[in-house]
Amino acid sequence: AMFDEALYCLRNCTNSGTMSTLQAEKVLQCFPQNLRTSSAFVAADMINALCIATEFDKSTHRTYFMRIIRGIALEFLEEATSSRDRICSTPCDRLVRSSLC
């Protein structure tokens, strides 16, 4: 729920181009590590809204941000989600034997 509220605030309470790249980086570091109540689609929406709210010197920097950061973040979230699913669906002793945890 907090992730959805943060997305709402970013979309509706932040003017375009008012955040610094350092602030955007801090927001990205706060992304949830498991998506029990959200999805990768909501995370992608958050990255899009973050891109709009962040001030960039050049349009090429914005494009770089969108392509690279979105790819990295979504890959991380996908991996975190699949890891959580494996852990939740597999008996703990089998995970330990196969050195997954």
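Select Thr54 to begin: leaving out residues up to four places away in sequence, Thr54 touches Gly17, Met19, Ser20, Thr21, Ala24 and Arg62. Contact means heavy atoms within 4.5 Å. This is a predicted model, where local features need pLDDT of at least 70, side-chain atom pairs count only at pLDDT 80 or more, and totals for chains, interfaces and linings use all residues. Residues are numbered from 1 along each chain as its sequence is written, and side-chain values use heavy atoms, with hydrogens and water left out.

Stay on Thr54. Its place is the loop between helix H3 (40–53) and helix H4 (59–89). Helices are DSSP runs (H or I, at least four residues), numbered from the N terminus. Is Thr54 buried or exposed? Thr54 is buried, because its relative accessible area is 0%; buried means under 20% and exposed over 50% (1.4 Å probe, protein chains only).

Next, select Leu10, Phe31, Leu50 and Phe65. Of the 19 residues in the largest nonpolar core, these touch the most other members. Such a core is a set of buried Ala, Val, Leu, Ile, Met, Phe, Trp, Tyr and Cys residues joined through side-chain atoms within 4.5 Å. Helix H1 (2–12), helix H2 (21–29), H3 and H4 each give two or more residues to this core. H3 supplies the largest share, eight residues.

Beyond four places in sequence, Leu10 touches Met19, Met46, Ala49, Leu50 and Ala53.

Finally, show the whole protein chain. There are five helices and zero strands. Buried residues make up 26% of its 101 residues.
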